Amino acid sequence: QVQLVESGGGLVQPGGSLRLSCAGSGAIFRIFTMNWYRQAPGRQRELVATINSSGNTGYAEFVEGRFTISRDNNKNTTYLQMNSLKPEDTAIYFCNAHFYYSKYDVYDYWGQGTQVTVSS
């Protein structure tokens, strides 16, 4: 129903910026909550930012004030603007689309992941 294709990862110096994009397909994209997760070496996958179908956003404490999540439903795309990047932001970043009708009827889709490396 929903397919996700990510872009925008790469190598950036500390203090720099990157913008990740996640292009989705599917007629019901606009009703999904969109999330960005990341997974660094030796760490569990963690939620970075979320935006629901109404545009309400939430952020992990470790990116608050530095990252901004947004979406353009007309383009079926969600974005993660990352500013003031730190070496500890180095991780594979994953786009996720989530929707549920009930606890037993859940739709959960993932992108392939894109590498973000913050290094001098």
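Is serine 84 buried, partly exposed or exposed, and what is its relative accessible area? In this predicted model, serine 84 is partly exposed. Its relative accessible area is 41%. That value falls between the cut-offs of 20% for buried and 50% for exposed. Serine 84 sits in the loop that joins β8 to β9 (91-102). Its phi is positive, near 50 degrees, although serine 84 is a residue other than glycine.

A positive phi is also found at asparagine 76. Here the angle is about 50 degrees, and again the residue is not a glycine. Asparagine 76 belongs to the loop between β7 (67-72) and β8 (77-82).

The protein chain contains 11 strands and zero helices. From the N terminus on, its elements read β-β-β-β-β-β-β-β-β-β-β. The radius of gyration is 14 Å, close to the 14 Å given by the globule rule for 120 residues, so the chain is as compact as a globular protein of that length. Along the principal axes, the C-alpha atoms fill a box of roughly 45 × 30 × 25 Å.

Among contacts with a separation of 6 or more, 53% link residues 24 or more positions apart. Of the 120 residues, 39% are buried. The accessible surface comes to about 6,600 Å². Carbon and sulfur atoms account for 46% of that surface.

The protein chain carries 10 positive and 9 negative side chains. The centres of the two sets lie 3 Å apart.

Terms used
Residues are numbered from 1 along each chain as its sequence is written. This is a predicted model: local features need pLDDT of at least 70, side-chain atom pairs count only at pLDDT 80 or more; totals for chains, interfaces and linings use all residues. Side-chain values use heavy atoms; hydrogens and water are left out. Helices (H or I, at least four residues) and strands (E, at least two) are DSSP runs, numbered from the N terminus. The radius of gyration is taken over C-alpha atoms; the globule rule is 2.2 Å times the number of residues to the power 0.38. Buried means under 20% relative accessible area, exposed over 50%, partly exposed in between (1.4 Å probe, protein chains only). Contact means heavy atoms within 4.5 Å. Accessible areas come from the Shrake-Rupley method with a 1.4 Å probe; for residues, only the protein chains shown count as cover. Lys and Arg count as positive and Asp and Glu as negative; His and the chain ends are not counted. The place of a charge is taken as NZ of Lys, CZ of Arg, CG of Asp or CD of Glu.
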